Amino acid sequence: MSMTDTTTAAAQVVSVKPMVLPAPGRGEDLRVRVSAPATGRDLPVVVLSHGFGWSMDGYGPLADHWAAHGFVVVQPTHLDSRTLALPPDDPRTPLIWRWRVADLTHVLDRLDAVEAAVPGLAGRLDRDRIAVAGHSWGGQTASMLLGARVLDAAGRPGEDLSDRRVRAGVLLATPGSGGADLTPFAAEHFPFMNPDFSGMTTPALVVAGDQDRSALSVRGPDWFADPYRLSPGGKRLLTLFGAEHSLGGIVGHGAAETTDESPARVALIQRLTTAYLRSALDPGDPAWPAACAALAAEPGPLGRIETS
């Protein structure tokens with residue numbers, strides 16, 4: 001286990017990794033990273049699901065910022081992580097999407113252990129203020145806890161995996177509808193990419209780039225707005241101008257996957273997601289409307305916000 005302290009403009013952050021949660025039946029214990037403010041009480045929790053191939057070591061621009069602004073951020077390493085090198089013929093591979101959802105639920109089930117892993121964190125979590133977040137495939141993973149479901153080959157919704165403990169979500173560059181909207185390759189190899197958002201009733205902020213063109217869909221960047229447009233009301237959509245799939249670099253500064261690196265865009269995402277989480281988990285907090293007003297007042301805004 002390693003522990004590091006980093007200082008941000010807002011607060012000192014303590015980050016602990018790897019924390020290992022026993023996970024019988026998974027084939028691998030669940031390894032997570034926990035980042036938390038060094039001070040403060042009644043801290044809300046965000047469980048952050050990484051994109052395909054990544055791990056608990058990614059998404060520092062988000063995890064560190066959220067932790068510095070009062071959130072306890074838990075990042076599980078899913079079975080598809082390159083750090084685990086799961087072979088393609090592993091029997092778990094066809095249902096990795098389902099194991100991913102179980103990872104997030106397992107974290108929520110073991111919050112006592114999460115508290116115990118970080119020195120001085122015990123007794124400081126607010127279990128009534130829990131959110132999930134995810135990028136790319138991690139966005140679909142997080143959406144399942146918000147009420148989205150996977151359609152089977154006949155178009156019937158699968159198991160309801162929503163979690164009442166989760167009060168809000170942040171879905172970043174999250175894949176849209178399946179079926180005819182998928183390329184033949186995606187339809188063959190990723191049949192679980194067939195979500196039904198009609199039951200996704202938990203409030204969420206959807207973040208999409210207007211230049212995010214996926215090789216998995218026959219549609220354009222508007223595909224990533226589906227979690228907003230195809231779900232019930234109570235959602236917000238942040239469309240980022242000029243953003244591709246990494247949304248300017250949220251995976252990490254200098255990451256090879258980032259083809260649209262933009263510190264200013266990442267800073268906007270940091271500000272708006274933090275404000276959204278604050279207000280979504282505490283309706284009396286004015287952070288979100290204030291952030292929206294500030295964006296609208298900018299002479300050359302980097303994005304726009306829609307509300308359903």
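Residues are numbered from 1 along each chain as its sequence is written. In this predicted model, local features need pLDDT of at least 70, side-chain atom pairs count only at pLDDT 80 or more, and totals for chains, interfaces and linings use all residues, while side-chain values use heavy atoms, without hydrogens and water.

The average pLDDT (the predictor's confidence in each residue, from 0 to 100) of the chain is 93, and 96% of the residues score at least 70. Residues 1-8 have a pLDDT below 50, and this stretch has 25 contacts (heavy atoms within 4.5 Å) in the model beyond near neighbours in sequence. Where pLDDT is low, the predicted coordinates should not be read in detail.

Helices are DSSP runs (H or I, at least four residues), numbered from the N terminus. Axes are lines fitted to C-alpha atoms over the stretch in contact, and angles run from 0 to 180 degrees between N-to-C directions. The axes of H2 (residues 96-109) and H4 (residues 137-146) come within 9 Å and cross at roughly 60°.

H7 (residues 263-281) packs against H8 (residues 287-297) at about 150°, with the axes 7 Å apart. This makes H7 roughly antiparallel to H8. Among the residues that meet are Leu268 and Tyr276 in H7 and Trp288 and Leu295 in H8.

Note on methods
Helix = DSSP H or I, 4+ residues; strand = E, 2+ residues; numbered from the N terminus. Parallel < 35°, antiparallel > 145°, perpendicular 65-115°, else oblique.
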